[in-house]
Amino acid sequence: MACIEARGLRKAFGTTIALDGINMRVEEGRILGLIGPNGAGKTTALDAILGLTTFQGQLRTLGRDPWKERDQLMRDVCFIADVAVLPRWARVSQLLDYVGAVHPRFNRAKAESFLAKTTINRTSKVRELSKGMVTQLHLAVVMAIDARLLVLDEPTLGLDILYRKQFYDSLLNDYFDHNRTIVVATHQVEEIEHVLTDVMFIDRGRIVFECSMDDLESRYAEVKVRPEQAPAARALKPMYERQAIGGSVLLFDGVDRQQLAALGEVRTPGVADLFVAVIGNQPGRAQGAAR
Amino acid sequence: MNTQSNAIPDTPVEAQGFAPAVIPESRILYWLVQRELWENRSIYIAPLAVAGYILASTLIYYFRQAGKMRAALPLDPMQQHEVFAQQVDFAALLIMGTTFLVAIFYCLDALHGERRDRSILFWRSLPVSDLMTVLSKASIPLVVLPLLTFAITVVTQGLMVLMGSVALMGSGLSVATLWNQLSLSQMWLGLLYHLVTIHALWYAPIFCWLLLVSAWARRAAFLWAALPLLAIAIVEKIAFNTSYFAAMLQHRLGGAAEAVIAPGTLPMDPMTHITPGHFLSNPGLWLGLAIFAAFLAAAVRLRRYQGPI
């Protein structure tokens, strides 16, 4: 059974189409990065997956209809919607008491041991904590829940680099194992690149690109060529070209690396480079960007 | 199965293949109510503060009385008792009025505040249904506050009686007369009856209407709660030259006494007529409860559809 399976997922707000027929399948044990520009439909897609919004089309999360069975689904699914959603009036100990009482899979001891590594005081109220500490607290709560699917929507937005790094490190080291699935939506690509097993690009309500990180390494190559080599390189039909100091950088899909090595220095492109190439090539995108 | 997974040995659920675990609904409801009390401390602080003021004022009253007695002003015992009975009634009235106001403001914010501060997204990440959440919020004005009012009033009046007794003993008057006249148990039974019938059952549709508005309104929940009712009454008056709707509202808000207690007595009269037959045979009660159920269902549905504001 796939963890998430969507076919023809659509959602419109009035005349604005947020999701325009999305097909996706996320297998268990993957860490998927859902990457897209602002307003691409990331949050709407995640809301639908989590049963927070109605949708058209077919969608199954852990084999359930998320809208109809949200409360049952939440026994196996956890999500961090945004850094600022913990109730500000609550004390840390109250939050732990409450989650422990209503969530059958919450392990209080685990949450306490995560918190022990931070400077968060049990008697503090959420409103007294810094933004980074609130995220640490939320992560401690979520990581102590033995869920099958964890969904994170821009979890590190507005945090400084230390907290961001810590966040993904604890996620990877203390939480992830191959029985769990994690979906992370963000537009800060570089930070999560090393964590992911799969990437998916979403643009204007459509999935425009999907690839596993293993395939990405074998399929895509980036070559930096000197101006005189450029015509020869262009003949190999790059999917994207950008200017760099002392030449151009060309991105190729499925071209033999040895052939490229003759032209210049070959490396595996970063997800960010690929993202720019794929989104930049979308019909209508260039026009929009020029405006 | 275990031989394969070398991941985290200290999580047995892993090995059980995520067997579904269920927490009883009653336990969830208990913790939901607990959560409301954590968040809205005014639920108990406001009536406790009023009770404190009443007791302090009563204390001042007796100190003044003691001063007068030393000045050799004779006190008519009957008069003294009458003043005393009034004070005790007034205390109950004040505490009840406070919790009624608390209930109104609680309801207007109950399903609005969580959307405003986006914490609804956190609550929804937990396996708690919208029905249970709304039920827990409705139980605050309908169950928690009436019971709390009863407890605080009983303790306050008890302390007042104690103070009065001490003062009477000091002045050499008979304490027994006072106790006979008051008949505390009947007074408290009457209070409980009043709270259950009027504050919980008769006002239930009002509280639930406020909850519904708080689930629906994006801002100014108070206005949205009041203006549509006013608008309906005005339209009815102008278009049909009738005022059934306004009369109905008035009956709901101000007619509680007639509904609960047989004509000719006051609801605040401590021991008089507890007439459940009269109350239960009032069609207005059942109509109100039907409206309450409809509003509750609508609020549950809205809680599901509405996101953060």
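This is a predicted model: local features need pLDDT of at least 70, side-chain atom pairs count only at pLDDT 80 or more; totals for chains, interfaces and linings use all residues.
## Two helices of chain B

Which residues of α7(B) and α9(B) meet? From α7(B) come B:L142, B:V143, B:P146, B:T149, B:F150, B:T153, B:V154 and B:V161. Facing them from α9(B) are B:L184, B:W188, B:L191, B:L192, B:L195, B:V196, B:H199 and B:A200. Sorted by class, this contact of α7(B) with α9(B) holds 13 nonpolar residues, three polar ones and no charged ones.

## Chain B as a whole

If you step back from this pair, chain B turns out to have 15 helices and zero strands. It is 309 residues in length, and buried residues account for 30% of them. Take the contacts in chain B between residues at least 6 apart in sequence: 80% of these join residues at least 24 apart.

## Chain A as a whole

Now to chain A, where you will find twelve helices and 13 strands. Of its 291 residues, 42% count as buried. Taken along the principal axes, its C-alpha atoms fill a box of roughly 65 × 40 × 40 Å. For contacts in chain A between residues at least 6 apart in sequence, 68% link residues at least 24 apart.

## The two domains of chain A

How is chain A divided? Domain 1 covers 4–204, and domain 2 covers 215–290. The centres of these two domains of chain A, taken over C-alpha atoms, are separated by 33 Å. Eight residues from domain 1 of chain A and seven residues from domain 2 of chain A take part in the contact.

On the side of domain 1 of chain A that touches domain 2, α7 (189–193) and β8 (198–203) of chain A each supply at least two residues. By class, that side of domain 1 of chain A has five nonpolar residues, three charged residues and no polar ones.

## A helix pair in chain A

Chain A has a helix pair to look at as well. Helix α4(A), residues 108–116, and helix α5(A), residues 131–143, have axes that come within 8 Å and cross at roughly 150 degrees. That crossing angle makes α4(A) roughly antiparallel to α5(A). The crossing of α4(A) and α5(A) is right-handed.

At this contact, A:A111, A:F114 and A:L115 of α4(A) meet A:A140, A:V141 and A:M143 of α5(A). The contact of α4(A) with α5(A) has six nonpolar residues, with no polar and no charged ones.

Start with A:Y163, which sits in helix α6 of chain A. Why does A:Y163 count as partly exposed? A:Y163 falls in that class because it has 18 C-beta neighbours inside 10 Å, while a residue needs 20 or more to be buried and 12 or fewer to be exposed. Leaving aside neighbours within four places in sequence, A:Y163 is in contact with A:G132, A:T135 and A:T156. A:Y163 and A:G41 are 122 residues apart in sequence, and C-alpha to C-alpha they are 26 Å apart in space.

Next, look for A:H178 in the loop between α6 (161–175) and β7 (181–186) of chain A. Is A:H178 buried or exposed? A:H178 is exposed, since 12 other C-beta atoms lie within 10 Å. The C-alpha atoms of A:H178 and A:A262 are separated by 40 Å, and these residues lie 84 residues apart along the chain.

## Where the chains meet

Finally, turn to the contact between the two chains. Chain A gives 30 residues to it, and chain B gives 28 residues. On the side of chain A that touches chain B, α2 (70–73), β5 (77–80) and α3 (92–102) of chain A each supply at least two residues. Of the elements there, α3(A) gives the most, with five residues. By class, the side of chain A that touches chain B has 16 nonpolar, five polar and nine charged residues.

Conventions
Residues are numbered from 1 along each chain as its sequence is written. Chains are lettered from A and ligands numbered from 1 in the order in which they are written. Axes are lines fitted to C-alpha atoms, for helices over the stretch in contact, and angles run from 0 to 180 degrees between N-to-C directions. Helices (H or I, at least four residues) and strands (E, at least two) are DSSP runs, numbered from the N terminus. Angles under 35 degrees count as roughly parallel, over 145 as roughly antiparallel, 65 to 115 as roughly perpendicular and the rest as oblique. A crossing is left-handed if the near helix is turned anticlockwise from the far one by less than a right angle, and right-handed if clockwise. Ala, Val, Leu, Ile, Met, Phe, Trp, Tyr, Cys and Pro count as nonpolar, Asp, Glu, Lys and Arg as charged, and the others, Gly among them, as polar. Domain bounds come from an automatic or database domain assignment.
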